[in-house]
Amino acid sequence: MTTKETASDQNLDLLNANLAKVEELSRRLVDVMGHHKPLRTELNAPDTGMFVNAAAAYWQAMTDNPGKVMESQMELWSKSVKHYVEAQHLLMQGKFAAPQDDTPSDRRFSHPMWQTNPYFNFIKQQYMLNKQAVETAVSELDGLSGKERQRVEYFSQQILDMMAPTNFLGTNPEALEKAIETDGQSLIDGLENLIADLEDNNGELLVKLADENAFEIGRNIATAPGKVVFRNRMYELLQFTPTTETVHEIPLLIFPPWINKYYILDLKEQNSMIRWLTDQGYTVFVVSWINPDQSYADVGMSDYIEEGFLSAIAETKEITGQNQVNAVGYCIAGTTLHLTLALMKSRGDKSVKSATFFTTLTDFNDQGEFTPFLQNDFIDGIDREIDEAGILRSFIMQRTFSFLRSNDLVYAPAIKSYMMGEAPPAFDLLFWNGDGSGLPGKMAHEYLRNLCQGNQFVKDGIELCGERLHISDVDVPICSVTCETDHIARWKDCYAGFQMTKSRSKTFIVSQSGHIAGIVNPPSKKKYGHYVNKDLKGSADDFMAGATFHEGSWWPRWDTWLSSRSGKQVPARQPGDSTHKALEDAPGSYVQARATI
């Protein structure tokens with residue numbers, strides 16, 4: 001047999017193997033989709049009435065000013081024809097080159113062929129022209145309220161992002177190039193990645209952002225040594241092993257958000273805030289929340305306050321023999337810490353000496369990028385979902401947050417995984433991001449209706465735990481740490497609520513970067529700086545205009561603030577006491593529970 005015949009046989013064997021693999025994957029795809037129960041349509045799309053209103057406004061604009069509408073349509077048509085003629089002219093001259101390209105820079109089109117290849121450049125430029133036309137048309141719509149306009153802009157942008165040529169194999173030069181280089185193996189690997197993601201999520205398409213096999217909680221992530229010293233149905237209380245001979249007298253109790261797991265503060269040794277705090281001589285306690293199932297359907301905000309916050313404060317005091325604690329609340333836990341402090345004020349409870357808030361909203365007057373998801377049609381769908389499931393499932397929240405940054409968190413990872421056949425990266429932060437928790441139904445309803453929509457805490461007060469709670473009841477010393485580019489809890493909105501408290505001692509810090517990176521910013525990295533301003537009487541813009549920028553992490557600045565409120569030095573405390581025997585090693589059991597679809 002000749003070498004040529006041998007190579008031909010090998011190619012045939014490879015082709016048959018690939019065909020068999022595709023057939024197997026197709027069967028798996030049919031099977032997973034056959035068992036899939038679709039998510040409620042009202043959670044996937046906005047009220048169609050919104051689009052009716054937008055269309056009505058558009059046609060009204062045409063009736064009132066047809067010349068304006070015709071002008072915009074003619075402008076798009078003129079640019080499209082000109083673009084086509086320029087490309088055709090170069091080809092007729094025998095030049096395999098793209099025409100002049102003045103479209104805005106867009107990292108989705110970073111592959112060289114988008115610029116040099118006339119076919120791909122034509123597609124790219126036409127997409128950018130269409131995108132500009134849609135954005136202009138939406139911006140010129142009359143007759144829409146502010147919220148309606150935000151929603152139309154958001155959902156029209158989602159459509160534009162979805163229809164980008166990079167998202168389709170036939171118009172993605174990088175994916176086509178790799179398919180040719182790998183003899184189609186990248187496409188088979190991509191199909192396998194797609195089906196694996198569908199199987200892992202019961203038919204829901206959630207792009208896997210990180211290699212889940214690269215991390216194990218307690219082995220190479222969430223490894224700060226400590227013990228579980230208390231447990232109830234809401235949380236496990238972790239006390240971490242001291243690393244100094246003496247510690248501050250007043251313990252530090254951290255409440256992470258229960259939408260995700262606590263180990264965002266303990267990813268790796270190099271960026272673990274928990275380890276850093278123990279090294280500074282604090283007795284560190286952290287709440288690790290339960291990942292609720294359907295049996296938690298009737299658990300509400302009052303339960304989180306009474307059985308979570310107040311319980312953890314009491315247990316921490318008892319274990320350390322102290323009358324007070326310093327408390328930290330991150331994101332939604334910071335919002336609830338405000339509610340807890342207001343309740344404690346009404347009860348005359350002075351157990352919290354100071355409170356620190358990470359990226360915490362209390363004033364929801366401006367809903368920012370979440371406006372599309374905080375209208376009645378969407379929340380009505382959430383209510384029906386939790387009535388049926390008992391909880392607000394984690395993947396619904398994950399999908400919502402992802403589509404706020406769809407190009408980065410949906411389409412780009414999907415292209416790499418499904419078109420390029422690449423495995424997701426071994427990235428600890430993205431692993432944590434995918435390890436979410438569900439929310440009890442009653443709690444989710446109360447948070448969305450009463451706080452996000454009703455903004456009751458800063459208006460007339462919110463009824464919880466048998467009391468009417470108002471932000472003006474918060475009067476302990478507070479420090480608020482916000483993040484400059486945070487799109488979840490925008491720093492200016494955090495500042496608005498911060499100003500409404502009655503605390504006489506206030507510190508406000510704006511860290512560079514976003515919701516996570518701005519907080520998880522250890523001094524050793526020397527990566528992001530921060531802004532401070534002692535004058536807190538003016539607006540957010542006034543704060544920033546008069547702020548002083550400091551290089552490096554805000555952690556040491558907070559340590560100075562916190563240590564002055566943490567009492568004298570006492571011998572280091574080992575986890576637990578005579579009445580709080582260690583139940584198990586940190587990170588405990590609750591953090592191990594994975595959310596299910």
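Start by selecting helix α20, residues 555-563: Trp555, Trp558, Asp559, Trp561 and Leu562 are buried here (under 20% relative accessible area with a 1.4 Å probe, protein chains only; exposed is over 50%, partly exposed in between). These residues span an arc of only 165 degrees around the axis, so they sit on the same side of α20; the arc is taken from the directions from the helix axis to the C-beta atoms. Helices (H or I, at least four residues) and strands (E, at least two) are DSSP runs numbered from the N terminus.

A word on the model: it's predicted, so local features need pLDDT of at least 70 and side-chain atom pairs pLDDT 80 or more, while totals for chains, interfaces and linings use all residues. Numbering runs from 1 along each chain as its sequence is written, and side-chain values use heavy atoms, without hydrogens or water.

Most residues other than glycine have a negative phi, and most peptide bonds are trans. Pick Cys465, in the loop between β10 (462-464) and β11 (467-469): its phi is near 55 degrees, and Cys465 is buried at 17% relative accessible area. Then jump to Lys526, in the loop between β13 and β14 (530-532), where phi is about 50 degrees; Lys526 is exposed at 71%.

Last stop: Pro587, in the segment after β17 (584-585). The peptide bond from Ala586 to Pro587 is cis, with omega near 15 degrees.
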